[in-house]
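Here are a few exercises to work through with the model open in your viewer. Try each task before you read its solution.

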Amino acid sequence: MKKLCLLILVLGIFRPVSGAEERDAQTIIRDAIDHWRGLSSYTEMTMVIHRPDWERSMTMRAWTKGQDQSLVRIVEPRKDRGNGTLIDHNNMWLYSPKINRVIKVPSSMMGQSWMGSDFSNKDIARTDEIVNEYEHSILGVEIIDGVTVYEIESVPLEDAAIVWGKEVLRIRADHVILRHSFFDQDGELVKVLETVEIAEMGGRIIAKRQRMSKVDRPQEWTEISVIFVAYEVEFHDNLFTQFSLRNPRD
Amino acid sequence: MRLFGVLFRLAWRNLWRNHRRTTIMLCAIAVGVWAMIFMTALTRGMVDQMIIEGIRTLPGHVQIHNPKFLDDPSISNPVSISAQQSFDDPEIVAWSSRVKVPAVISSERESRGITLLGIDPVAERHISFIKYDEVDGRFLVDSDDKGIVIGAKLANILETEIGKRVVIMSQDPDNDIADRGFRVVGLYTASTGAVEEAYAFVGRATVQKMLRIGNQTTEVVFVGDDYRDVEALYEVILDAVDDSVSVQRWYETNTYLGSMLNVMDGFVVVWIIVIFLALSFGLVNTLMMAVFERVREIGLMLALGMKPGSILGQILIESMLLLLIGLVAGNMLAWATVMSLQGGIDVSVVAEGLEMFGAASVLYPKLNVDDMILASKVVLVLGFLASLSPAWRASRYKPVEALAKVG
């Protein structure tokens, strides 16, 4: 799930650049991702999906390694226990213990919602490749409560597989992403991923609670809160395989 | 022959003795025949359009595929004929090779499943249902074009427009995701919204690069002179390729359209007969009346030595005259109606319903000489049979009884 957030959060970044300003924007985003993810991470988190007439909450565990591999497994509620998502490079698989099958998520389903949340499968499966498909620039620098905050605009390249017109990130100097806004091609705000709570966890200051919401449906949102996180953890080599997706060892 | 002359004259005069009744009957026949022919022309026109459009949107007249593509239309089943191979035969009017894959198109707000067609716009010009100059914006220029042309309705659903970017997602042969952003350069309109929603066009080379398939394509399409006669074209292509690919005629690729054509012929006959059945009651009734009115007269003619066969003939001639005049009037009426509606009938009020079976919202009636002949034949033959009974009765009167009848 970590990765999920990360990836979503992150979306931005860098082509080889010449301007000093642009290199700065690139570095800021790159550092923010590395800070959030580490070389490897283990996270426990809850996800709350809120709708006007119902609310649902899930607890899950997530493992990430490097830029391309992650595994998410649901712990609570009981009936969903064991459901998992594996991301290895650009591919995504789902496992459901009820049908005892690993399903590869086809491209036609990548646009659909991930486990009923406001995140799409595509949001989750994004890897750093996508990061190369934007052009970044610093819009402004502010000092809020004594901390420097950079506002960075990322515009997708012409042939990038990204529907947004632009994305705007607000990143603190200590690498916490405060806000990630998605704009359509008319420059209208469509959805926002906002950091609601910041805390020190696993030895780093990170966004503890983040909320994704769509502008035209303010009553609906998905919130992810980190309960526990550990960085630079050693994993078994087989963790990010379909076998391990199907046969949880924890 | 002289006898026939006399009978014909008698019949003709009898016909106009009660001219009001005759006129009404003539009107009934004319309107009936008109309905038969006009409605048939209308349906024919509709089916014709469906087929022509269907052939344009999908199959061409003859297609080549990988045999497995038909069961699994994915990029893993490319056709082994390269785009470079040329086909040269007088039967082939135009041909083109395409990459046709299922894909997902997304804008900021919506995504939809579509059929993505990677085409060479130059070769496709005479095959495609899109008239390039009528496209809003512009159509693709060449196979390397980086733009995408989508249907106006799809653009509406996606809330996108010319100049904006959309993302196309599909799979490469290894089942990995292949995606790319495209800028919408043109919006096409088709006769039905279903088509506009279903197909998006991109440059063939661009999509080949996106799908990482080199120069492979998934289908080759050929167009001949006339969709009704594709056998010659089929043979030519069958000879030109080897066994590794499957060659199909349009009605095999799109069996719905194929059976449509057959159903149509049956439908025309049924339709004509149904109308005739309604008509025949009026016809028989009119003849009956004509006979009953003239019982004494018929008795007199019999008494004077006219043979029953001649009475029968006279009544039949009367009925045939009635039918013939009605047919001529009805045919002309139908012809005039169809001619006056050459510009098409706008039925957009019920367009949504028509779309369900793939018909357009403007109908162009199509007059078919065979249908006119068929209708006329049916009316004459069945009319003859229907009038046999009153005629037979008239010829069987006994002169004495008939003369004694008070009428």
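**Exercise 1.** Work out how strand β1 of chain B pairs with strand β10 (residues 246-249) of chain B, and over how many bridges.

*Solution.* Step one: β1(B) and β10(B) pair in the antiparallel sense, over 4 bridges. Two strands count as paired if DSSP finds at least two bridges between them; the strands themselves are DSSP runs of E with at least two residues, helices are runs of H or I with at least four, and both are numbered from the N terminus. Step two, pick out a pair: B:H65 stands opposite B:S246 in β10(B).

A note before going on: this is a predicted model, where local features need pLDDT of at least 70 and side-chain atom pairs count only at pLDDT 80 or more, while totals for chains, interfaces and linings use all residues. Residues are numbered from 1 along each chain as its sequence is written, and chains are lettered from A and ligands numbered from 1 in the order in which they are written.

**Exercise 2.** Find which strands pair with β9 (residues 219-223) of chain B, and say whether its residues are buried or exposed.

*Solution.* Start with β1 (residues 62-65) of chain B, which pairs with β9(B) in the antiparallel sense over 4 bridges. Here B:H65 has B:E219 as its bridge partner, and B:I64 stands opposite B:V220. Next comes β2 (residues 94-106) of chain B, also antiparallel to β9(B), over 5 bridges; B:A94 is partnered with B:V223.

Now for burial. A residue is buried if 20 or more other C-beta atoms lie within 10 Å of its own, exposed if 12 or fewer, and partly exposed in between, with C-beta atoms placed from the backbone. On that count 5 of the 5 residues of β9(B) are buried, so the strand is largely enclosed by the rest of the structure. Both faces are covered: B:E219, B:V221 and B:V223 on one side, B:V220 and B:F222 on the other. β1(B) is covered on both faces too, with B:V62 and B:I64 buried on one side and B:Q63 and B:H65 on the other.

**Exercise 3.** Describe how helix α9 (residues 255-293) of chain B packs on helix α13 (residues 369-395) of chain B.

*Solution.* Two packed helices are described by the angle between their axes and the distance between the axes. For α9(B) and α13(B), the angle is about 30 degrees and the axes are 9 Å apart. (Axes are lines fitted to C-alpha atoms, for helices over the stretch in contact, and angles run from 0 to 180 degrees between N-to-C directions.) That makes α9(B) roughly parallel to α13(B); angles under 35 degrees count as roughly parallel, over 145 as roughly antiparallel, 65 to 115 as roughly perpendicular and the rest as oblique.

**Exercise 4.** Which residues of chains A and B have a positive phi without being glycine?

*Solution.* Recall that most residues other than glycine have a negative phi. In chain A, look at A:E232, with a phi of about 50 degrees. A:E232 sits in the loop between β13 (217-231) and α4 (242-246) of chain A, and is exposed, with 11 other C-beta atoms within 10 Å. In chain B, check B:R212, with a phi of about 55 degrees. B:R212 lies in the loop between α6 (204-211) and β9 of chain B, and counts as partly exposed with 13 C-beta neighbours inside 10 Å.
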